[in-house]
Amino acid sequence: MAVPSIPSRLSSYKNLDMKKILTSLSLKFLPFGLLLLAACEKDMTSADFNPSRQFMPGDINVVAGETQAALSWSASLFAQNTTTYAVEVGTDSSFAGTPLASFTTTLPNIVVTDSILDVKTPYFARVKANSVGSTNESKWVYSSRFQITGEQIFFPVQDNDLTDATVLLKWRPTAGLTKIILTPATGTAKEVLLTAADVTAAEKLVTGLAQLTNYTARIYRNNLQKGEIKFTTKEKSIYAKILKPGDDIIAAVDAAANGDIIGLQPGTYDIKSVTTGEYANLRILQKTITIQSTSNKPTDTKVNFREITLAGTGA
């Protein structure tokens, strides 16, 4: 079988309609061309270019201490000299409702103190850059949870500061203190107002407590908490009566029953006549009385007396 020569094969196309060929080729490549055009157009209007998003501050860093929380963040990428930041603080991470506090600052940091924040309460903060010129405000940037621990001016409660019904609370000298609130594990809280003398002495004897009860004591300057401490009262005392410096030992002995134990809290006691103010005899009539320090420390309790008289059988 004879194979046509190349010239004869080419000559066979001479009779084809070239217009039809070009039209056919155009139709085949048209969808690809449209895709290229659409892709180019989409790239030119990309949603990734968002001035508000680029204007956002950086992540919020929180350093919280006893009395304040320091918030800081990186300045917005396109921040200007006139850029300001809105800061909100609240107890709800979603910031539903009205925030606890709102601030405006030109610096990428702010300090929030215990005049606004409550001690040991979880808080959240959020920051945004306010609008500048033709640039809209940014989106919010949210912090993680934080809290302040509260100042601690209380000294630890020692064993000899406790009885079944009392506690001697001591603290670091601090001006302006106004009250102590004692809250039992169950029951009603007890508020104790502080006098100027209490504040100067930096201690307060609180009475009327329940035995073997866990208490939390908080000390305040007005409504600002300055310290917190926990303690547990002792089992009911073996003492028929407990005295503190300045109390009348003579009257306590006269009123005591046979076998009573009278406890003396740490301090110095003078056995004196309430009428003359002079040292007097301590007279024990027909009964046995024990007088001992509640601390069991001979060095912190002293009694100054003239004479002890034992009178009658059994004295």
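Keep in mind that this is a predicted model. Since six of the six residues of S6 are buried, the strand is largely enclosed by the rest of the structure.

Who are the partners of S6? One is strand S3, residues 85-90, which runs antiparallel to S6 and is joined to it by six bridges. Here you can find Gly90 standing opposite Phe124 in S6. Another partner is S7, which pairs with S6 in the antiparallel sense over two bridges. Across this pairing, Arg126 stands opposite Tyr142 in S7. Arg126 has a further arrangement to show you: its charged end sits over the ring of Trp140, 4.1 Å from the ring centre.

A search of the whole structure finds five aromatic pairs. In one of them, the ring centres of Tyr123 and Phe146 are 6.3 Å apart and the planes meet at 35°, so this pair is tilted; a plane angle under 30 degrees would count as stacked and one over 60 as edge-to-face. The pair links distant parts of the chain, 23 residues apart: Tyr123 lies in the loop between strand S5 (109-113) and strand S6 (124-129), and Phe146 in the loop between strand S7 (141-142) and strand S8 (167-170). Tyr123 has 2% relative accessibility and counts as buried, and Phe146, at 7%, is buried too.

Phe154 and Trp171 form an edge-to-face pair, with 6.4 Å from centre to centre and 75° between the planes. This pair also links distant parts of the chain, with Phe154 in the loop between S7 and S8 and Trp171, 17 residues apart from it, in the loop between S8 and strand S9 (179-184). Both Phe154 and Trp171 are buried.

Our last stop is Gln265, in the loop between strand S15 (261-264) and strand S16 (267-270). Is Gln265 buried or exposed? With a relative accessible area of 12%, Gln265 is buried, because the cut-off for that is under 20%. Leaving aside neighbours within four places in sequence, Gln265 is in contact with residues including Thr166, Leu205, Ile242 and Thr301.

Methods:
Residues are numbered from 1 along each chain as its sequence is written. This is a predicted model: local features need pLDDT of at least 70, side-chain atom pairs count only at pLDDT 80 or more; totals for chains, interfaces and linings use all residues. Side-chain values use heavy atoms; hydrogens and water are left out. Rings of Phe, Tyr and Trp (its six-membered ring) pair if their centres lie within 6.5 Å; planes under 30 degrees apart count as stacked, over 60 as edge-to-face and the rest as tilted. Helices (H or I, at least four residues) and strands (E, at least two) are DSSP runs, numbered from the N terminus. Buried means under 20% relative accessible area, exposed over 50%, partly exposed in between (1.4 Å probe, protein chains only). A charge sits over a ring if NZ of Lys or CZ of Arg is within 6 Å of the ring centre and within 35 degrees of the ring normal. Contact means heavy atoms within 4.5 Å. Two strands pair if DSSP finds at least two bridges between them.
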